[in-house]
Amino acid sequence: MAKQESHSPPMDLIELDIPVCWDTPPKEILRTIEIAERLREQMKSDETQKRIPLLVNSNYYIAYHAFKHIRDAGLGGDLSFCEWGSGLGVVTCIASQLGFRATGIEIEESLCEFSEKFAKQADVDAQFFQGSYRSPIGNEISQLQPREGDRPFPLGRRNCDVIYAYPWPAEAAYLASLFEQSNASLLVTYHGGTTLRVRKHIC
């Protein structure tokens, strides 16, 4: 099972167990991952993109199976999805391929540009905001505007049902506190290796 953290979850959240599956994803998901890796190598070799922000990738295979399980088990609400700190945009695109209305939020402009190029090449309908997910609760999507289209923002009046993030250890408690204040249904966080936590509000 995916729950391996030794610390207790916040008092007003409940933790769900989901199976960790190692089956090979379908070819369309593998193609998406391959395109992302190819574009990342091009980005690293581009003289104008020598500064790549410190970035640690999620495990895309575990993410695929986790969100497939959430979808199939009916845990994803209206299937609106937002990745907080979307990086290269791969998990956001995988969620879109699974039928989620997927949005990524990323503070680094170069990574937002990468994500948009990547989604277009992979022929995936995912949207990306440049900015921070640390927006005040209750605001009209703060001052952020989507680069294309209009997708629900994670906090504020238009909430996503499923939130995903790969937090630094020091950010994990803060991120959970943001989720506690939102109307989202699930918080899914990856913690390296095979550790994936899924939490929801106590009804």
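Author: Residues are numbered from 1 along each chain as its sequence is written, and side-chain values use heavy atoms, with hydrogens and water left out.

Reader: How many aromatic pairs are there by the rule?

Author: A pair of aromatic rings is described by the distance of the centres and the angle of the planes. Rings of Phe, Tyr and Trp (its six-membered ring) pair if their centres lie within 6.5 Å, and planes under 30 degrees apart count as stacked, over 60 as edge-to-face and the rest as tilted. By this rule the count is six aromatic pairs. One of the edge-to-face pairs is F67 with F100, at 6.0 Å centre to centre and 75 degrees between the planes. Because F67 lies in helix α2 (residues 60–72) and F100 in the loop between α3 (90–97) and β3 (101–106), this pair ties together parts that are 33 residues apart in sequence; helices (H or I, at least four residues) and strands (E, at least two) are DSSP runs, numbered from the N terminus.

Reader: Which parts are tied together by the pair of F67 and Y164?

Author: The ring centres of F67 and Y164 are 5.4 Å apart with planes at 75 degrees, so this pair is edge-to-face. It ties together helix α2 and strand β5 (residues 162–165), parts 97 residues apart in sequence. Ring pairs link F67, F81, F100 and Y164 into a cluster.

Reader: Is F67 buried or exposed?

Author: Buried means under 20% relative accessible area, exposed over 50%, and partly exposed in between (1.4 Å probe, protein chains only). F67 is buried at 1%, and Y164 is buried at 0%. What covers the buried residues of α2 includes α1 (27–45), β2 (80–84) and β5.

Reader: Where is confidence lowest and highest among the elements?

Author: pLDDT is the predictor's confidence in each residue, from 0 to 100. Confidence is lowest in helix α5 (residues 172–181), at a mean of 86, and highest in α3, at 97. Over residues 1–11 the pLDDT is below 50, although this stretch has 25 contacts (heavy atoms within 4.5 Å) beyond near neighbours in sequence. Where pLDDT is low, the predicted coordinates should not be read in detail.

Technical notes:
Predicted model: local features only at pLDDT ≥ 70, side-chain atom pairs only at ≥ 80, totals over all residues.
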